[in-house]
Amino acid sequence: MRHIISLLMENEAGALSRVAGLFSARGYNIESLSVAPTEDPTLSRMTIVTSGSDAVIEQINKQLNKLVDVAALIDLSEGGHLERELMLVKVRAEGGAREGLKRMADTFRGRIIDETDHTYTIELTGSCAELDSLLEKIGRDLILETVRTGASGIGCGDRILKL
Amino acid sequence: MELTGAEILIRCLQEEQVEYVFGYPGGAVLFIYDELFKQDKVKHVLVRHEQAAVHAADGYARSSDKVGVALVTSGPGLTNAVTGIATAYMDSTPMVVISGQVPTGAIGEDAFQEVDAVGITRPCVKHNYLVKDVKDIASTIKKAFYLAKSGRPGPVLVDIPKDVSNHRTAFEYPASVNIRSYHPAGKGDSGQIRHAAQMLLEAKRPMIYAGGGVVLSDASAQLTDLVRLLGFPCTNTLMGLGGLPASDKHFVGMLGMHGTYEANMAMQHCDVLLAVGARFDDRVIGNVEHFAEVPRKIIHIDIDPSSIAKRVKVDLPIVGDVNLVLDELLGVLRSGRQVPGAADMAAWWKQVNEWRAVGGGLRYKNSSEIIKPQFVIEKLHEITGGDAFITTDVGQHQMWTAQYYKFEKPRRWITSGGLGTMGFGLPAAMGVQMVNPGATVACVTGEGSIQMNIQELSTCKQFRLPIKIIALNNGYLGMVRQWQEFFHGNRYSETYMNALPDFVKLAEAYGHVGMRVEKPADVEPALKEAFARKHDLVFMDFRTDPTENVYPMVPGGRGLSEIILAEEL
């Protein structure tokens, strides 16, 4: 099953590689990983999307918690949470296809942030599934380039991960 | 007054009351060695290879309650140390390894003797640090010792660039340490402990399975009290030997791949299993699916939550320091009136004893013609009164020692269990002897393993370490040969040790005493003579039966009850 794990860790050199190394050393799946400092510059917030059996997910949580640099951790998928990912996708937009692509971007509430006479660059924020869905609608033939940030996640309401 | 980084480092080691540092100098640690030279509180033990420095620090730590310290230079100094660090990590030894690094300005430029020490060691340390500012040395060393010793212990590496060791700053050793992201477990959950007590009292076929965590947590007394209070059978893992005195009537021997029949069968067929500071690894329970075929309730006490439910499902987890959890569990059991059901216990012990009879105990067929390795260990036990510190290397000799040397006390049995590192025994014995001067220390080894760190005979000479080396020399890499006999059609691929040195002459060349023992009748007199030499290192080359196998054996990947017993003897 797919899980979104969110954690706070010391914003120190090598902290990211401790997490990445843990996943590769123990053979865990890693679908995406995004990380950036928080309002407290000594802390980084990381969102990891992974999948595995309940036992594997339990181990992933425990092994992450065991890292000395990891200060707090939450498995967002165990409760109410929001998930967003940013995608920039550059598509071939020529002739009659231009209008259709524009409508498609509108339908998904995406924005065209750059255009030439033969390309559009669409910006879209949404769940991973919504981003997948737009890519599928556009079709691989028209896609020139796709850039995705990986998911960021946050708990709903009073579900807060803070030190 | 401002001190250099190197001075600060040495002052920190003094503050931590480090008596011995095991190390090897080099370019990147010159300033540190210069400061070592100028003082005499922290003594340095010069090894002949960095791997040995780390194993020596490991033996030092395991046979005491102290943190082992090793010091190596950058590049090859560090890479040589990695096997030692990984060994310590797998067996949770508290250790601080200090490595030199090229100057900060040269990092990343493929400088001479540069290697990414923090990167290379990351998967085999509890934590590591690259100190880029001299102001951080004191606080980092403080943290390193705290991390190494607290919680589940482990090695911590501190990498110090050469220029940082020569920069100056004011020195103040922090009085306390606070790492906001690190909270080692202490007491266990009281509700869970009460629940565990109830499960144990209601058990019909209970079993206690105790590992290295008991030794690391200094909880042997509590474990022994618990076993005697409840009257349950108890087994020790390889790492846990000595956690319960081997002479205790509840002890059913070591379990696992080369464990006793009764220990493995009781493990497989119990209805309530109390696991204490053990981790259900592959050499202990073999095949997980096979283990799960018999339903049983498992209570698991461990300081490391990630050790719980890693390989087997656990019904009642108790995260905490084994020492504190057992204290509380004993308190609960003693304050209640309930005791284990007498009829159930009698029936269970009857079953365990039946298994003991079927297995026939640990046995081998002795010979008057050729030396049997098990016989040497039995005599070693006898002559040392079962009270020696015993280190080993890895292979058949290690298993025979685990089986036939009956350990009565914790921290006497020093072996590389997790990583299985050949070459561990001799340097580990050096560390053991340094921290236990005057004690009897023996290294049981094979002719294969001993050659992996034989250069340390030189260190032993320099520091006058009267270690007794018991080499069970069968001319083969015996454990591999045994697997080739069982599973690879007797094709002894590269396991025959050709062109062995004359170990007697070799020992003598290093300034030690060498003895060759070829007849069973000479084993006892030779051992007596060797151990009577209180001030000499004696290298004993026992020529043993090359065909001898370690039994019982649970083949790799098989279940505990699929055990091969000794051939009909």
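The model is a predicted one, and the values given here are computed from it.

**The second largest pocket**

The volume of the second largest pocket is about 1,200 Å³, and its lining is made up of 41 residues, with A:Q63, A:K66, A:L67, B:Y89 and B:S306 lying nearest the centre. Several elements of chain A, namely α1 (15–25), α2 (54–66) and β4 (70–75), each supply at least two residues of this lining, as do α4 (76–90) and β6 (127–130) of chain B.

**The contact between chain B and chain A**

Where chain B and chain A meet, 16 residues of chain B are in contact with 17 residues of chain A. The area buried between the two chains is about 1,500 Å², and carbon and sulfur atoms give 45% of it. Of the area that chain B buries against chain A, 41% is supplied by B:R122, B:R180 and B:S181, which is more than any other three residues supply.

Between chain B and chain A there are three salt bridges, and ten residue pairs are in polar contact, counting pairs in which both residues have pLDDT 80 or more. On the side of chain B that touches chain A, the residues divide into six nonpolar, four polar and six charged.

**Salt bridges**

Side chains of opposite charge can pair when their charged atoms come close. Over all chains the structure holds 40 salt bridges, and two of them are set out below, one joining B:D304 to A:K66 and one joining A:R111 to A:E123.

| Salt bridge | N to O distance |
|---|---|
| B:D304 and A:K66 | 2.8 Å |
| A:R111 and A:E123 | 3.2 Å |

**Chain A as a whole**

Chain A has four helices and nine strands, and along the sequence these follow the pattern β-α-β-β-α-β-β-α-β-β-α-β-β. Taken along the principal axes, the C-alpha atoms of chain A fill a box of roughly 55 × 35 × 30 Å.

**Backbone details in chain B**

The peptide bond from B:Y551 to B:P552 is cis, with omega near -10°, and B:P552 lies in the segment after β20 (538–543) of chain B. B:Q17, although not a glycine, has a positive phi of about 55°, and its place is in the loop between α1 (5–15) and β2 (20–23) of chain B.

Key:
Residues numbered from 1 in each chain as written. Chains lettered and ligands numbered in written order. Predicted model: local features only at pLDDT ≥ 70, side-chain atom pairs only at ≥ 80, totals over all residues. Heavy atoms only, no water. 1 Å grid on protein atoms, 1.4 Å probe; cavity = no way out; pocket = protein on both sides within 12 Å on 5 of 7 lines; lining within 4 Å. Points joined across faces, edges and corners; volume = space filled by probe spheres on them. Contact = heavy atoms within 4.5 Å. Buried area = accessible area lost by both parts, 1.4 Å probe. Salt bridge = Lys/Arg side-chain N within 4 Å of Asp/Glu carboxyl O. Polar contact = N/O pair within 3.5 Å; in protein donor to acceptor, adjacent residues only side chain to side chain. Nonpolar A, V, L, I, M, F, W, Y, C, P; charged D, E, K, R; others polar.
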